[in-house]
Amino acid sequence: MHLSDYFHKSQALPPEYLRLGILEESIIKPLPEEQGLLNCEALMHADFPVSYRHFVAALGGCQIKASRFGEHARYEIERFFGIVNHPEVHPLGEWDLLSANALLEEAERNIFEPGRLQVQCLPIAKLTYGDYLCLDYYHSPSAPPVVFLNFEESCLGAPSITKIADNFEEFLSMLHE
């Protein structure tokens, strides 16, 4: 399926998304336009993995029933981040991808190398205990793995991360209720 299919809203959601038990009322609307997604990537100096682009285009920021991964209690997704038009006035603006990234950078939690232009650990979801799931562009800029970012243990130059999956598709397959 091509990314443009989601923007034309002509395609049904793929089975791997339906399996997640998407809470439809939680999807942040309006869904992002293709140009908004491309602008977000440009601002972060990063190309999102195709599977993550599709996810954001189809579901924006959302909550899911299959929100657990692993056995640890901290490994439960509160909500995925999306691209929110005018996050400063949108009721769910705190779930904007760019805003979440800026918040982590301000707290100096997702930066390995200060001054680097490309995003280093891009937050894609917030977990129930205040930690984050991120795409790790620092260690693998062309194929970022999904990592657990421990907020409390992270500091500037030393984000505390644990690899969860080699890629976004693998991560989605790990989710369960």
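1. Start in the middle. The largest nonpolar core holds 52 residues, and Ile 77, Leu 133 and Phe 171 have the most contacts inside it. A nonpolar core here is a set of buried Ala, Val, Leu, Ile, Met, Phe, Trp, Tyr and Cys residues joined through side-chain atoms within 4.5 Å. Buried means under 20% relative accessible area, exposed means over 50%, and partly exposed is in between (1.4 Å probe, protein chains only).

2. A word on what you're looking at. This is a predicted model, with local features needing pLDDT of at least 70 and side-chain atom pairs counting only at pLDDT 80 or more, while totals for chains, interfaces and linings use all residues. Residues are numbered from 1 along each chain as its sequence is written, and side-chain values use heavy atoms, with hydrogens and water left out.

3. Back to Ile 77. Leaving aside neighbours within four places in sequence, Ile 77 is in contact (heavy atoms within 4.5 Å) with Ile 64, Ser 67, Phe 69, Ala 125, Lys 126, Leu 127, Thr 128, Leu 133, Phe 171 and Leu 175. Notice that Leu 133 and Phe 171 turn up in that list; they were also named above for their contacts inside the core.

4. Now have a look at two helices. Helices (H or I, at least four residues) and strands (E, at least two) are DSSP runs, numbered from the N terminus. Two packed helices are described by the angle between their axes and the distance between the axes. For helix 3 (residues 34-44) and helix 5 (residues 97-106), the axes come within 11 Å and cross at roughly 20 degrees. That makes helix 3 roughly parallel to helix 5. The axes are lines fitted to C-alpha atoms, for helices over the stretch in contact, and angles run from 0 to 180 degrees between N-to-C directions. Under 35 degrees counts as roughly parallel, over 145 as roughly antiparallel, 65 to 115 as roughly perpendicular, and the rest as oblique.

5. Which residues of helix 3 and helix 5 meet? On the helix 3 side they are Cys 40, Leu 43 and Met 44, and on the helix 5 side Leu 97, Leu 98 and Asn 101. The residues of this contact divide into 5 nonpolar, 1 polar and no charged. For that count, Ala, Val, Leu, Ile, Met, Phe, Trp, Tyr, Cys and Pro are nonpolar, Asp, Glu, Lys and Arg are charged, and the others, Gly among them, are polar.

6. Helix 4 (residues 50-59) is mostly covered, with 9 of its 10 residues buried. Among them are Tyr 52, Arg 53, Phe 55 and Leu 59. Just after helix 4, Gly 60 takes a positive phi of about 55 degrees.

7. His 45 isn't a glycine, yet it has a positive phi of about 55 degrees; His 45 sits in the loop between helix 3 and helix 4 and is partly exposed, at 43% relative accessibility. Glu 108 isn't a glycine either, and its positive phi is about 60 degrees. You'll find Glu 108 in the loop between helix 5 and strand 2, partly exposed at 39% relative accessibility. Check Pro 30 as well: a cis peptide bond joins Lys 29 and Pro 30, with omega about 0 degrees, and Pro 30 lies in the loop between helix 2 (15-18) and helix 3.

8. Phe 112 is in the loop between helix 5 and strand 2 (121-127), and it counts as buried because its relative accessibility is 16%. Its contacts, not counting residues up to four places away in sequence, include Tyr 138, His 139, Pro 159 and Ile 161.

9. Trp 95 is another loop residue, between strand 1 and helix 5, and it counts as buried at 8% relative accessibility. Trp 95 and Ala 125 are 30 residues apart along the chain, with their C-alpha atoms separated by 8.7 Å. Trp 95 touches residues including Ile 28, Phe 81, Val 84 and Lys 126.

10. Finish on strand 5 (residues 158-165), the place of Lys 163. Lys 163 counts as exposed at 51% relative accessibility. Leaving aside neighbours within four places in sequence, Lys 163 is in contact with Pro 145, Val 146 and Val 147.
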